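Subject: Structure handover

Dear colleague,

Here is the structure for your files. My notes on it follow below.

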Amino acid sequence: MRNGFKFNDKHTNEFKGVTVKTRDRPVFPAVKEQVHSADEMNGEYDFTDVSGHEYFNARTFQIEFGISADNLFALQKKLAQLSRWFKGRGTLIFDDLPLVKWNVRVVDSVSYMPENGGRKAVLSVSYKAMPFSELIFDVIEGPCLDMDIPLDSDIPLDTSEFLTFAGTGTYNKVPNIGDVHTKPVITVTGSTGIFTIICNGVKIAVNHKGDFVIDCGKEIVYDGDISLMADTVGTFFELAPDTDNTITIIGEGTAQINYTPQYLYDAELDDVNWGK
């Protein structure tokens, strides 16, 4: 499959005389199996989804670069430019998957064999990617005007009404438009004391007056540079990949939930259900 990509804000078509071919791009990551087999039993105990859902291993993309140049000296210069570009970690966006980005790093050694008298070479590069892709924007920020979003996508111009909750109450069908569990960032404003958030039965409470942030992914609570972990009890929560998430707020103040949707492969935005 021939297609280019952007890595760390630089596209493959910026390199003259370089073609790109995808050799292997798994559409589903391998599940992390957690099993135990006892001597006197048939089969095994499977604890893979004991927490309520499965977890996944990283996946590997294999990309082939074809390089051509006028002579061996020019070929070596192109190889040096490429090596500086694709080393280390970064964000990768495939041309044929423009709505999602992958967090990757180069793994294994990269070598080449010169061909055609030193005027051609082929590089095989392996990128290890996190198991899920991420939408190129978060739900509160929304898409920019120049993003390649299908015209019939059911993405509201302002998503904040679906993800902002003021004062004590229970809010049903809170959306996670990705297809895997995600850990949100909650910004709380105007708290007057103990502020409690319960998501699908999982509770976290912060005893703080004013504004603060609950980052469920990093598992920290803070007000600017001040940690509020000593004033926090409970468990950081996830949003399930559907619109049945139920949020209960107890306390005075407003909570706004933000996250970057994650996907097993590509984003599906043409029929998003916001729980209207």
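A pocket, as used here, is found on a 1 Å grid over the protein atoms alone: it is an open set of points where a 1.4 Å probe fits, with protein on both sides within 12 Å along at least five of seven lines, and its lining residues have an atom within 4 Å of a point. Grid points are joined across faces, edges and corners, and a volume is the space filled by probe spheres set on the points.

The model is predicted, so local features need pLDDT of at least 70 and side-chain atom pairs count only at pLDDT 80 or more, while totals for chains, interfaces and linings use all residues. Residues are numbered from 1 along each chain as its sequence is written, and side-chain values use heavy atoms, with hydrogens and water left out.

The largest pocket has a volume of about 420 Å³. Its lining consists of 16 residues, and the closest to the pocket centre are Phe 132, Val 180, His 181, Glu 238 and Gln 262. By type, the lining holds six nonpolar, five polar and five charged residues. In this count Ala, Val, Leu, Ile, Met, Phe, Trp, Tyr, Cys and Pro are nonpolar, Asp, Glu, Lys and Arg are charged, and the others, Gly among them, are polar.

A nonpolar core is a set of buried Ala, Val, Leu, Ile, Met, Phe, Trp, Tyr and Cys residues joined through side-chain atoms within 4.5 Å. Buried means under 20% relative accessible area, exposed over 50%, and partly exposed in between (1.4 Å probe, protein chains only). The largest such core has 62 residues, and Phe 5, Phe 65, Phe 86, Tyr 127, Ile 197 and Ile 214 have the most contacts inside it. Beyond its neighbours within four places in sequence, Ile 197 is in contact (heavy atoms within 4.5 Å) with residues including Ile 186, Val 202, Ile 214, Phe 237 and Ile 247.

Individual residues

Phe 56 sits in the loop between β5 (45-46) and β6 (59-68). Strands are DSSP runs (E, at least two residues), numbered from the N terminus. Phe 56 counts as buried because its relative accessibility is 13%. Among the residues that Phe 56 touches, leaving out those up to four places away in sequence, are Phe 28, Pro 131, Phe 132 and Leu 264.

Asn 245 belongs to strand β19 (residues 245-250). With a relative accessible area of 0%, Asn 245 is buried. Its side chain makes a polar contact of 2.9 Å with the side chain of Asn 200. A polar contact is a pair of N or O atoms within 3.5 Å; within protein, one must be able to donate a hydrogen and the other to accept it, and residues adjacent in sequence count only if both atoms are side-chain atoms. Asn 245 is also in contact with Lys 173.

Lys 173 lies in strand β13 (residues 169-174) and is partly exposed at 46% relative accessibility. Its phi is near 55°, a positive value in a residue other than glycine. Glu 219, in the loop between β15 (202-215) and β16 (220-223), also has a phi near 55°. Most residues other than glycine have a negative phi.

Thr 168 is in the loop between β12 (164-166) and β13 and is exposed, at 55% relative accessible area. A polar atom of the Thr 168 side chain lies 3.0 Å from the backbone nitrogen of Gly 251.

Regards

Key. Helix = DSSP H or I, 4+ residues; strand = E, 2+ residues; numbered from the N terminus.
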